[in-house]
Amino acid sequence: MIPRSISTGLGEIESFFSLRWASLLPAGSFALYSLALQLVFLPSRIFSTTISQASLPALSKRLAQNQMTKFKSLVIKILFQALFLSMPVAVIFLIYRLPIIRLVFGSKNFPWAATKKLAQTVIFLSPSIVLQSVIQVLNRAFYAAQNTKTPLNISLKSLGVGLAIAYILVKFTSLEIFGLAIGITVSNFIQATDLITSFSLKINQLDYKKLIIRFTKILIPSILMALVAWASVRLSDQTIFDTTRTLNLLLLTATTSVLSFAVYLFVAYLFKVKEIKDILKLLKKRSKSFDLSKS
């Protein structure tokens, strides 16, 4: 419990220093940075944390039964499920950052200058949505193996580098809160890559070629989704929808995001992405349990 408790505290340390440095920036920077963090890390808490926490008992069971092959397969399966969900969410936050901010915080009461600055901050933070999905799943894999020291050591390293980069960018550049966002993303990147490396060293016989191909099958649909989302927003804005009105902004965001997500699912289906089958099986189970409860 001690390393796990310290790891939890590291997040508070990171938040303390980041928000402390944000308070030294021009007026409003502290509030904007706080809002950006809440906005971006909300999907991470909903998807990544939920999936990783739910997987912990199953992972612990495989290890308790000394089923290392099944443990390895289950970790990889859960990891790609998290990636399959988090990558389109990151695309949505990246492409629809302005509409999301205007819809969440209001277009009348939230100044346009603050909206633009918050949207730019989201650009630098959005990769953390995907990185957090990797971090949450692999942390639980180590916890299931009763190894809390490795995640702690990696967290300490990534925290130190991230805070150093954030301080340098805030102190010696004009990036302001963008520098803080870059520091957090770099910290998450280091943590995710170190966890992947440590996991691969502890679990032998990983087929890296298959894993890269599997990741590419999710990456390509995500890129196509981003292109479709960007193009549909550019074509629809002011030509079909007058986005100065909240209702039109909501309609534009809803229709184009559904279209782009449909493209993501269709291309993923063409690429025979395994995670689609997993989601369909889950939906079938949910529908059956729902029918039974009604009966």
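Guide: Helices here are DSSP runs of H or I with at least four residues, numbered from the N terminus. This is a predicted model, in which local features need pLDDT of at least 70 and side-chain atom pairs count only at pLDDT 80 or more, while totals for chains, interfaces and linings use all residues. Residues are numbered from 1 along each chain as its sequence is written, and side-chain values use heavy atoms, with hydrogens and water left out.

Now some terms. On a 1 Å grid over the protein atoms alone, a cavity is a set of points where a 1.4 Å probe fits but cannot get out; a pocket is an open set with protein on both sides within 12 Å along at least five of seven lines; lining residues have an atom within 4 Å of a point. Grid points are joined across faces, edges and corners, and a volume is the space filled by probe spheres set on the points.

The structure has 1 cavity of 30 Å³ or more, and the volume of the largest cavity is about 40 Å³. Its lining includes Glu14, Ser18, Leu159 and Ile184, and H7 gives the most, with 4 residues. Sorted by class, this lining has 5 nonpolar, 3 polar and 1 charged residues (Ala, Val, Leu, Ile, Met, Phe, Trp, Tyr, Cys and Pro count as nonpolar, Asp, Glu, Lys and Arg as charged, and the others, Gly among them, as polar).

Glu14 also leads us to the largest pocket, where Glu14 is among the lining residues nearest the centre, along with Gly11, Glu12, Gln132 and Gln136. This pocket holds about 940 Å³ of space, and H1 gives the most to its lining, with 10 residues. Its lining residues divide into 9 nonpolar, 17 polar and 5 charged.

The second largest pocket holds about 760 Å³. Of its 29 lining residues, Leu83, Val130, Val134, Ile196 and Phe215 lie nearest the centre. H3 gives the most here, with 9 residues, and the lining has 24 nonpolar, 5 polar and no charged residues.

Let's finish with Phe215, which lies in helix H9 (residues 208-236). Phe215 has a relative accessible area of 32%, so it is partly exposed (between buried, under 20%, and exposed, over 50%, with a 1.4 Å probe and protein chains only).

Notes. Helix = DSSP H or I, 4+ residues; strand = E, 2+ residues; numbered from the N terminus.
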